[in-house]
Amino acid sequence: DAIIDAIRQHQRPVRMAEDEAAIYDFCNEAYALHYVTDATYARAIAQFGEAAVVELVGVIGYYCLVSLTLNIFRMPVPPGEPPALK
């Protein structure tokens, strides 16, 4: 719950397992920079292997596609759900 709350507040979670931190940093850099640094890439490859990193990039890309589609076409939040994060 603490990790989810930190992400919801746009903060880096304090306590994460090494694999969680590697994914968080990889995704955060990918969205912020539109690429990842050599160090972040190497860390992800060492932690998960090349095939898993390729899959991670695919998940990131798919999430971006879905998010853009929902935002651009002004899809409403389902009734009873909290408003979207800004």
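1. The axes of α3 (residues 38–48) and α4 come within 7 Å and cross at roughly 120 degrees; axes are lines fitted to C-alpha atoms, for helices over the stretch in contact, and angles run from 0 to 180 degrees between N-to-C directions. That angle makes α3 oblique to α4 (under 35 degrees counts as roughly parallel, over 145 as roughly antiparallel, 65 to 115 as roughly perpendicular, and the rest as oblique). Y41, A44, I45 and F48 of α3 make the contact with E50, A52 and V53 of α4, where contact means heavy atoms within 4.5 Å.

2. On provenance, the model is predicted: local features need pLDDT of at least 70, side-chain atom pairs count only at pLDDT 80 or more, and totals for chains, interfaces and linings use all residues. Residues are numbered from 1 along each chain as its sequence is written, and side-chain values use heavy atoms, with hydrogens and water left out.

3. The chain holds four helices and zero strands, in the order α-α-α-α along the sequence. Helices (H or I, at least four residues) and strands (E, at least two) are DSSP runs, numbered from the N terminus. The C-alpha trace spans about 40 × 25 × 20 Å along its principal axes.

4. Helix α2 (residues 18–33) also packs with α4: their axes come within 11 Å and cross at roughly 50 degrees. This makes α2 oblique to α4, and the crossing is right-handed. From α2, I23, F26, C27, A30 and Y31 meet V53, L56, V57, I60, Y63 and C64 of α4.

5. The axes of α2 and α3 are 10 Å apart, at an angle of about 140 degrees, and α2 passes α3 in a left-handed crossing. Among the contact residues are A22, I23 and F26 of α2 and Y41, A44 and F48 of α3.

6. Four salt bridges are found in the whole structure (a side-chain nitrogen of Lys or Arg within 4 Å of a carboxyl oxygen of Asp or Glu). One of them joins the side chains of D5 and R8, at 3.2 Å from N to O. Both residues lie in helix α1 (residues 2–8), three residues apart, about one turn of the helix.

7. Y62, L65, V66, L68, L70, I72, F73 and M75 form a nonpolar surface patch with about 830 Å² of accessible area together. Patches are made of residues with over 30% relative accessible area and no salt bridge; like charges are joined within 9 Å, and nonpolar side chains (Val, Leu, Ile, Met, Phe, Trp, Tyr) within 5 Å. Accessible areas come from the Shrake-Rupley method with a 1.4 Å probe, and for residues only the protein chains shown count as cover. M75 is found in the segment after α4 (50–72).

Terms used: Left-handed = near helix turned anticlockwise from the far one by under 90°.
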